[in-house]
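Q: I have a model on screen and want to learn how to read its features. Where do we begin?

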Amino acid sequence: MTAMTRFAVIGAGGWGTAMAVIAHEAGHEVTLLGRDPDHIRSFRKTRINRPFLPGCKIPAEILVTCDAAEALADADQVLSVIPSSYLRKTWKQLAPLVPAGVPICSLTKGIENKTFMRPTEIISEYAPGHPVSALSGPSHAEEVARLMPTTVTVAAKSPALARKLQDLLSTESFRVYTNRDLVGVELGGAIKNVIALAAGIVDGLGFGDNTKSALLTRGLHEIIAFGKALGARPKTFYGLAGIGDLITTAFSPHGRNRAVGERIGRGEKLKDILASTPKVAEGVPTTRSVHAQSIKLGIEMPIATEVYRVLFRNKDPRRAVTALMTRRGRTE
């Protein structure tokens, strides 16, 4: 076990809560920062994050607060676990509070819609003096918080920074690999959510294993083509941040994006689905971003295109599947 380090975990959703538990299990002092005073008050009293991680009681030693100055004042490491749509606003406010030079690791699996900036790029814009990294992989919060064996990868331009986080966060239940492809790890975590929406639609329509296996195989092809065009290494997408994360989110009942897709496949409207849950399905805004960027870059992404048309152009999901199945024949 490494020496105790002070971790500030920014974002008291399910994933942030789970990572606070992991940092505590690794022997560190942990503060978890949320933004809703009523939520945090209830969380502190019960030690259970009822809206985002029901049934999972967190250790009493983890400080839960909505006071940003308190959370960040003495931090040695910061984990940024914020939905992409709130990331810019949050870091504009928090950056001045982070002690000089403290590393910031992003666990956001999304892309900023208007700019197509990756999470670490946004963080670096507001906290330019802080080394950044990204952690991703098949890691549902519901399982991580219950200490079920989980494996992820952490990417940074600096191998030393990635190894440091590997050492700090690895436990008997949480294994961390390192990777130098920061672009690929962040894109893999974001774009797989688009394919996960498609996987959910397949479930909602009542199709079977053949359909989903084909979807994931061809979906991975689209992820690799897109990532490569943006400077990622194709090899990254065959690892934990690519196919590993894709498999988990496309099959698990815990997957938010898959669940949204399933409800769409059953005939519900997107706006009603999003209004019914406090949890953020990153794949929805990411679909819009990826569609626009693929057109701009001239990348053919038929599955992502059909997901976009179902979500934002009210295309019937069955017609979308038919469109994919009747495309011009080609060599694999």
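This is a predicted model: local features need pLDDT of at least 70, side-chain atom pairs count only at pLDDT 80 or more; totals for chains, interfaces and linings use all residues.

Q: Is Pro119 buried or exposed?
A: The cut-off for buried is under 20% relative accessible area. Pro119 has a relative accessible area of 2%, so Pro119 is buried.

Q: Which residues does Pro119 touch, not counting residues up to four places away in sequence?
A: Pro119 touches Leu87, Ser106, Thr108, Gly110 and Glu186. Take Leu87: Pro119 and Leu87 are 32 residues apart in sequence, yet 7.4 Å apart in space, C-alpha to C-alpha.

Q: Which domains does the assignment give?
A: The chain has domain 1 (6-180) and domain 2 (183-326) by that assignment. Their C-alpha centres lie 25 Å apart. Domain 1 brings 32 residues to the contact, and domain 2 brings 32 residues.

Q: How do I read the area between domain 1 and domain 2?
A: Take the area first, then the atoms that carry it. Domain 1 and domain 2 bury about 2500 Å² between them. Carbon and sulfur atoms hold 62% of it. On the domain 1 side, Lys109, Phe116 and His140 supply 27% of the area buried against domain 2, more than any other three residues.

Q: How many salt bridges and polar contacts cross the interface of domain 1 and domain 2?
A: The rule finds two salt bridges across that interface. It also finds eight residue pairs in polar contact there, both residues at pLDDT 80 or more.

Q: Which elements supply the side of domain 1 that touches domain 2?
A: Helix H5 (119-126), strand S8 (132-136), helix H6 (141-144), strand S9 (150-155) and strand S10 (174-179) each supply at least two residues. S9 gives the most, with four residues. By residue type, this side of domain 1 divides into 12 nonpolar, 14 polar and six charged.

Q: Where do Arg118 and Glu186 meet?
A: Their side chains meet in a salt bridge, at 2.5 Å, N to O. Glu186 is also among the residues that Pro119 touches.

Q: Why is helix H14 called largely enclosed?
A: Count its buried residues. In H14 (residues 302-312), 10 of the 11 residues are buried, so the helix is largely enclosed by the rest of the structure. Among them are Ile303, Glu306, Tyr308 and Phe312.

Q: What covers the buried residues of H14?
A: The cover includes helices H8 (182-204), H9 (209-229), H11 (256-265), H12 (270-275), H13 (283-297) and H15 (317-325).

Terms used:
Residues are numbered from 1 along each chain as its sequence is written. Side-chain values use heavy atoms; hydrogens and water are left out. Domain bounds come from an automatic or database domain assignment. Contact means heavy atoms within 4.5 Å. Buried area is the accessible area (1.4 Å probe) that two parts lose on being put together, summed over both. A salt bridge is a side-chain nitrogen of Lys or Arg within 4 Å of a carboxyl oxygen of Asp or Glu. A polar contact is a pair of N or O atoms within 3.5 Å; within protein, one must be able to donate a hydrogen and the other to accept it, and residues adjacent in sequence count only if both atoms are side-chain atoms. Ala, Val, Leu, Ile, Met, Phe, Trp, Tyr, Cys and Pro count as nonpolar, Asp, Glu, Lys and Arg as charged, and the others, Gly among them, as polar. Buried means under 20% relative accessible area, exposed over 50%, partly exposed in between (1.4 Å probe, protein chains only).
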